[in-house]
Amino acid sequence: MTRPKLHLVVILCSFFVLFASAGAWGEGSENNFPEPGVRPQALGGAFVAVADDVNAIFYNPAGLAKIKQQQVQLTHTDLFGLGIDYNYIAYAQNRLGVAWAHYGVSDDFLLGGGDYSNDMYLIAYAYEIDPATQAGLSLKWMKGNYTAPGSIDPTRSVDFTNGILAESLSDEGYSIDVGLLHQVDEMTRVGLSVRDLFGKRETINSLRPSESDKFKPSIAVGFSRYTSSDFMFALELDGIGSETVVHVGAEKKLQDELVLRAGLDDDVFTAGFSYFQDQWEFTYAFKNSMSIGLDKTQRYGAIFRF
């Protein structure tokens, strides 16, 4: 059997194993931690088959195998325009990436005290099977805390707020993401990502017994193609096996310093751009909502390459 055919067999077998593994945990709960990054959002979330920069850590860790420069990314988001700060920092080099995401609100936001915060830590590694095929693995650990206004919190003074005693929650979880990338030809790539394999979350409630449940894996397959040196489009099917969502995105390089992007995240319009200056890339993305407006989000970020 020739090497290209052997590699194709390996890829197809991997697809089968990953789909089968995901199905084994199909009754779990979803991991709803907001997806990080700026460029992927501007592309409508279609990034599994793109994965050519530091954003690969979350969307498809296999893409880290093709990164040649070290990259540091910083992003900031006001989630849904509601005052929920979402910050993300990531570092990537060839084959390896680490990242930290945090979102939450302040005491003032919750009126009367309280706390709401969530953190996600990632470490990812990629391996080049051959020059056209890469595989990757990402380990995620997540921790959250919610103390309602008026709760008794051992880190605060023990008292009542307006005569109310409310429950507090904390949760901790972990999961594994895996990904594959294959270069079909010079201009075309296909990708696979399975998020939250073998994942588990435990929730501790101050007023009730602790609960534990498994994450439901999310499967995404994607396709990306450069039709010229300055135009790329991508298509992705996410949530395969449950409620499939279609992501579509495109980007156009107008000049060396400026790239424009647009996409559809299901039925929600997205757009954005990157401006390049020396070793810096400044990014912006906007996600609109077709319905009640809760998805309207602006993201700002910067990537430094060295």
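**Note on the salt bridges and backbone of a predicted model**

1. Glu281 and Arg261 form a salt bridge, with 3.8 Å between the closest N and O atoms. Glu281 belongs to strand S14 (residues 280–287) and Arg261 to strand S12 (residues 258–265), so this pair ties together parts that are 20 residues apart in sequence. The model is predicted, so side-chain atom pairs such as this count only at pLDDT 80 or more.

2. Are the two partners buried or exposed? Glu281 is buried, and its relative accessible area is 2%. Arg261 also counts as buried, at 7% relative accessibility. Both assignments follow because buried means under 20% relative accessible area.

3. Glu281 has a further partner: its side chain meets that of Arg305 in a salt bridge of 2.8 Å, N to O. Here strand S14, which holds Glu281, is joined to strand S15 (residues 297–305), which holds Arg305, so the pair ties together parts that are 24 residues apart in sequence. Arg305 is buried, with a relative accessible area of 16%.

4. Which residues does the network of salt bridges link? Arg39, Asp52, Asp53, Glu251, Arg261, Glu281 and Arg305 belong to it. The pairs of Glu281 with Arg261 and of Glu281 with Arg305 are therefore to be read together with this network, because a salt bridge is a side-chain nitrogen of Lys or Arg within 4 Å of a carboxyl oxygen of Asp or Glu.

5. How many salt bridges does a search of the whole structure find? The search finds 15. One more pair can be described in detail: the side chains of Lys66 and Glu128 meet in a salt bridge at 3.6 Å, N to O. Lys66 is partly exposed, with a relative accessible area of 33%. Glu128 counts as partly exposed too, at 27% relative accessibility.

6. The backbone has points to check as well. Ala51 is not a glycine, yet its phi is positive, at about 40°. Ala51 sits in the loop between helix H2 (39–42) and helix H3 (56–59). Is Ala51 buried or exposed? Ala51 is buried, with a relative accessible area of 0%.

7. Arg95 likewise has a positive phi, near 80°, in a residue other than glycine. Arg95 is in the loop between strand S2 (84–93) and strand S3 (96–105). Arg95 counts as partly exposed, at 33% relative accessibility.

8. Some totals give the setting for these details. The protein chain has four helices and 15 strands. Of its 306 residues, 43% are buried. Among contacts in the protein chain with a separation of 6 or more, 52% come from residues 24 or more positions apart. The accessible surface of the protein chain is about 15,200 Å², and 60% of that surface belongs to carbon and sulfur atoms.

Methods:
Residues are numbered from 1 along each chain as its sequence is written. This is a predicted model: local features need pLDDT of at least 70, side-chain atom pairs count only at pLDDT 80 or more; totals for chains, interfaces and linings use all residues. Side-chain values use heavy atoms; hydrogens and water are left out. Helices (H or I, at least four residues) and strands (E, at least two) are DSSP runs, numbered from the N terminus. Buried means under 20% relative accessible area, exposed over 50%, partly exposed in between (1.4 Å probe, protein chains only). Contact means heavy atoms within 4.5 Å. Accessible areas come from the Shrake-Rupley method with a 1.4 Å probe; for residues, only the protein chains shown count as cover.
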